[in-house]
Amino acid sequence: MIRKGLFFHIGRYFILMKKVFAKPEKHKIYYQQFLKEIDNLGVNSLGIVAIISAFMGAVITIQTAYNVQNPLLPSYLIGVAARDSILLEFSSTMVALILAGKVGSSIASELGTMRVSEQIDALEIMGVNSASYLILPKILAAMVFNPFLTLVSMVVGISGGWAIGTLTEVITTQEFILGIRYAFIPYYITYGLIKTVVFAFIMTSIASYYGYYVEGGSLEVGRSSTRAVVYSSVVILMFNLILTKLLLS
Amino acid sequence: MIEVKNVTKSFAGRVVLDDISINFEQGKTNLIIGHSGSGKTVLLKCIVGLLEIDKGEILFNSTDFTRMNFKDKKEVRKQIGMLFQGGALFDSSTVEENVRFPLDMFTDMLPHEKRQRVNFCLKCVKLEKVSKLFPSEISGGMKKRVAIARAIALNPKYLLCDEPNSGLDPMTSLVIDSLIKEITEEFNITTIVNTHDMNSVMEIGDKVIFIYKGQKMWEGTKDGIFTADNQHLNDFIFASPMSKKIRSLAKGGGI
Ligand SMILES: Nc1ncnc2c1ncn2[C@@H]1O[C@H](COP(=O)(O)OP(=O)(O)OP(=O)(O)O)[C@@H](O)[C@H]1O
Ligand SMILES: [Mg+2]
């Protein structure tokens, strides 16, 4: 890709999004694509999300336990701290960053390959709105399915914390459960889910942007999928800050 | 009919198409011939609007395609079948799904009607047997033929083929050529074929346009091509040792 300014990319990104959200030509086909993407981007990510969540939940618990080794602090606080960091930050933002790597690079390289092998041109020639046909199902699939991944991550993360906490005997099951229920604010879950939906949009749309506008050959496809991951991660972190300020203050 | 009028196209200051005007006639196979790199592919892409032209007009049945709004453009495009030089098949779909795609997208045909149409198109290119395979599982020439089947699935009014024969053996080339000619005449299509294969020129060249370094050098019929007095054209068609030999024999009255 020729080096172009930031504003060029932002402008072209919004023009692309306008094309993506044009009225679909044939709902049935879009729906089929949507189901395919749910499977491709969502269901296929369940495993990695579960594994990472279990380990992170465990690590968070051990670290918190290490930090509250003070006879004056009740040990159920370990459960409280683990719960809050998982619900507030880990299951939405961390999982989003990991998915930005997995989903983002797969979207960018898929679209990039279609671009350089003229498959996108072929769609355009037929009169198909290629941007909408290829990108809209991906964005929607992630926005619909990622909240589910986040919920899974919350449950698995907390379970991982409990498992390691009781195994290493830093906390008993009763204390952990007490901690998890102590001063529980359900809004934290809503907050995590709202962030997830926004992040899902960011990662899929930015990755699509970089894939869709690949110029050149397969070398460029690789470069653009790296760019897709880097930029969507940065934007996710920026929006994490903005959303936290908006939703939690 | 497709008319190209005074079209100029350049990439970063390098002129690739230089003030080209051509009438592509309906019901005929119009051949664009020229050396590799002379601008044939760029011309096709300009015609269908994949590349923006710098100057000039492109008329589809007398309406200017370049100035149409998005919706009208889309309507025209539904009538275009295009075969890309590299095939451009959808990797993630089988051969059958590739050919069915335009039907799924733009028609309300019933499943069995679609199946019939797909089978018919695949039969035209002699590929009924591979319908369940993916593009990565078939040969380069087969991909080309699938791409042709996909291009004709919707009975296009305009058929544009970028080197339909490259990478095919002479027998299959002949089959493809005669297929293109047949459907062109039967359905009164405006067909444009890019090629540098002289056999195709002899086989289907109702109208032949020779492009040299982005300029139109010569235009005529396949019969006029041997008596043309354009030096570049002669160099192009008599490039092979065999044709040189034949030509000298012909000149000496040996044939
Ligand atoms: N996207 C592009 N950017 C810059 N230059 C291009 C681009 N596409 C084509 N060109 C240039 O335009 C010229 C004509 O290319 P084109 O692909 O039309 O050749 P061709 O006649 O189709 O050749 P071939 O028979 O090998 O397919 C070439 O010199 C090429 O470098
Ligand atoms: Mg070419």
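**Exercise 1. Determine which element supplies the largest share of the shell around ligand 1.**

Solution. The largest share, three residues, comes from H1(B). The model is predicted: local features need pLDDT of at least 70, side-chain atom pairs count only at pLDDT 80 or more, and totals for chains, interfaces and linings use all residues. Residues are numbered from 1 along each chain as its sequence is written, chains are lettered from A and ligands numbered from 1 in the order in which they are written, and side-chain values use heavy atoms, with hydrogens and water left out.

Step 1. The shell holds 14 residues, where a residue counts if one of its heavy atoms lies within 4 Å of the ligand. Among the closest are Ser36(B), Lys40(B) and Glu163(B).

Step 2. Helix H1 (40-47) and strand S2 (14-24) of chain B each supply at least two shell residues; helices (H or I, at least four residues) and strands (E, at least two) are DSSP runs, numbered from the N terminus.

**Exercise 2. Identify the polar atoms of Ser38(B), Gly39(B) and Lys40(B) that approach ligand 1.**

Solution. A polar backbone atom of Ser38(B) is 3.2 Å from a ligand oxygen. For Gly39(B), a backbone N or O atom lies 3.0 Å from an oxygen of ligand 1. Lys40(B) places a side-chain N or O atom 2.7 Å from a ligand oxygen.

**Exercise 3. Locate Asp162(B) and find the nearest side chain of opposite charge.**

Solution. Asp162(B) is found in strand S7 (residues 158-162) of chain B. Asp162(B) is buried, that is, under 20% relative accessible area (1.4 Å probe, protein chains only). The nearest side chain of opposite charge is Lys45(B), 6.6 Å away.

Key
Polar contact = N/O pair within 3.5 Å; in protein donor to acceptor, adjacent residues only side chain to side chain. Buried < 20%, exposed > 50% of the residue type's maximum accessible area, 1.4 Å probe, protein only. Lys, Arg positive; Asp, Glu negative; His and termini not counted. Salt bridge = Lys/Arg side-chain N within 4 Å of Asp/Glu carboxyl O.
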